[in-house]
Amino acid sequence: MQNNQQQLEGLREQLLKTKKWPLRYMFKFVMPNDKETLAVVQSMMPEGGTVSYKNSANGKYVAMTYVVNMPDADSIVSLTSNVAALPGVMSL
């Protein structure tokens with residue numbers, strides 16, 4: 001958990017160096033390939049973005065890429081943290 005918190009803080013610090021907001025940001029998550037998990041993650045994404053999926057070779061997992069305009073660094077870190085806290089979901 002501590003390592004994840006450090007990664008999120010590092011992400012926040014990098015994002016704060018950006019001077020142009022809103023920023024078009026690409027979220028990437030890997031999760032079990034089941035309808036419930038996918039539906040929960042999709043429901044957490046802000047409106048107006050574009051989504052793409054890629055299944056793992058064995059179909060057990062799916063990678064989700066979501067590109068959307070985000071208003072500030074804290075909103076990106078918050079969304080990443082909330083989604084990654086779901087069981088079985090990893091943020092890339």
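Here are some questions and answers about this predicted model.

Q: Why is Thr50 called partly exposed?
A: Its relative accessibility is 47%. Buried means under 20% and exposed means over 50%, with partly exposed in between, so at 47% Thr50 gets the in-between label.

Q: What makes strand E2 (50-55) and strand E4 (90-91) edge strands?
A: Look at the strand order: the open sheet has four strands, arranged E2-E3-E1-E4 with antiparallel pairing. E2 and E4 each have a single partner strand, so one side of each has no neighbour in the sheet.

Q: Which strands does helix H3 (residues 73-84) touch?
A: H3 packs on the sheet and touches E1, E3 and E4. Its direction makes about 5 degrees with that of E1. Helix H2 (residues 35-44), by contrast, lies across E1, E2 and strand E3 (61-70), and runs at about 165 degrees to E1.

Q: What makes Arg24 a contact of Thr50?
A: Contact means heavy atoms within 4.5 Å. Thr50, which lies in strand E2, touches Arg24, Thr65, Tyr66 and Val67, leaving aside residues up to four places away in sequence.

Q: What is the omega of the peptide bond between Trp21 and Pro22?
A: Omega is about 0 degrees, and the bond is cis. Pro22 sits in the loop between helix H1 (2-16) and strand E1 (23-32).

Definitions and conventions:
Residues are numbered from 1 along each chain as its sequence is written. This is a predicted model: local features need pLDDT of at least 70, side-chain atom pairs count only at pLDDT 80 or more; totals for chains, interfaces and linings use all residues. Side-chain values use heavy atoms; hydrogens and water are left out. Helices (H or I, at least four residues) and strands (E, at least two) are DSSP runs, numbered from the N terminus. Two strands pair if DSSP finds at least two bridges between them. Axes are lines fitted to C-alpha atoms, for helices over the stretch in contact, and angles run from 0 to 180 degrees between N-to-C directions. Buried means under 20% relative accessible area, exposed over 50%, partly exposed in between (1.4 Å probe, protein chains only).
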